[in-house]
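Reader: I'd like to learn how to read helix packing in a model. Could you walk me through a case?

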Amino acid sequence: MDDLSSSLLCQENETCLEEGGEELEYPFVESQQDCGVSEDEHVGILIEREMVLGFKRDETLVFGDWVKRARMETINWILKTRATLGFRFETAYLSVTYFDRFLSRRSIDSEKCWAIRLLSIACLSLAAKMEECNVPGLSEFKSDDYSFEGKVIQKMELLVLSTLEWKMGIITPFDFLSYFITKFCEESPSSPIFFKTMQLIFTTMKEVNLMDHKPSVIAAAAALVAMDQQLTIEAVELKMSSIPQHRLLEPKDVFEYYNLIQRLYEENTKRDTHTPIEMTESSRVTSSAAMAKRRRLTFSDDEGSYDGKGHR
């Protein structure tokens, strides 16, 4: 643990990591029913929130090749562990968002792959505590290459929380997906469109830093690609005009990501280097309002067991 403290914790000290007590509460935006707002208004609030969360390309931030490789391995591990533990796809995506957000604020010394894996475990564990009703103990987050004690993982969780300034209710594309697809479809949307949109989001997730693009832009672009691969910028602008909050969304940003998704998907298909992510009926996302909720986190023992008090 001394090596972890000296090489990874950087400016933080033990006092900082131990602050906060045993029970931690994460604030979320209340559901639209609780707030007395329509779904249109609720989505508008989400779009305004993401503007202040730092979702924009940072030209000065360039990941080295080893970090890019480690990130790919991290995502593969997260997706594999998600399937093993039965987590929702939203949980996996949120954990990668935490991972990217952490690395955009704090560096890890070159070639310390063990630190990257510890970070990935902490991010997935925290995401599960935010999204899942039943979260296993930390010993269930298996890694073939490394073995970490529960207390070490908890220390890393606290470092992630501190680095992200305890802002764990991060907006993701899934907060917008049902709303956008319903707005874009001229008729009732079918399940294949939802599943195709999710598959496109996860395909591009492996190739781009999630902090470089607004979640609303990713959701809109993926939904449009799933429905039509021949759209022009004018057609995208027309589609976006069906969104009451379209003035808060730049059609050129959506069109840029729309083209990026298609290019990456075609490249990956030709290389056949990515295993397709199978989406089932149970993977279908809920409305943005239904996903707004509160969680209370309790570390009850050294294993990091979680008592999640909240309901879907």
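**Helix packing**

Author: Helices are DSSP runs of H or I with at least four residues, numbered from the N terminus. This is a predicted model: local features need pLDDT of at least 70, side-chain atom pairs count only at pLDDT 80 or more, and totals for chains, interfaces and linings use all residues. Residues are numbered from 1 along each chain as its sequence is written, and side-chain values use heavy atoms, leaving out hydrogens and water.

Reader: At what angle do H6 and H7 pack?

Author: In general, two packed helices are described by the angle between their axes and the distance between the axes. For H6 and H7 (residues 113–131), that's about 130 degrees, with the axes 8 Å apart. Axes are lines fitted to C-alpha atoms over the stretch in contact, and angles run from 0 to 180 degrees between N-to-C directions.

Reader: Which residues of H6 meet H7?

Author: Contact means heavy atoms within 4.5 Å. Among them are Leu94, Tyr98 and Phe102 in H6, which face a set in H7 including Ile116, Leu119 and Cys123.

Reader: And how do H5 and H6 cross, at what angle?

Author: The axes of H5 (residues 65–85) and H6 (residues 89–105) come within 9 Å and cross at roughly 155 degrees. That makes H5 roughly antiparallel to H6. This crossing is right-handed.

Technical notes. Helix = DSSP H or I, 4+ residues; strand = E, 2+ residues; numbered from the N terminus. Parallel < 35°, antiparallel > 145°, perpendicular 65-115°, else oblique. Left-handed = near helix turned anticlockwise from the far one by under 90°.
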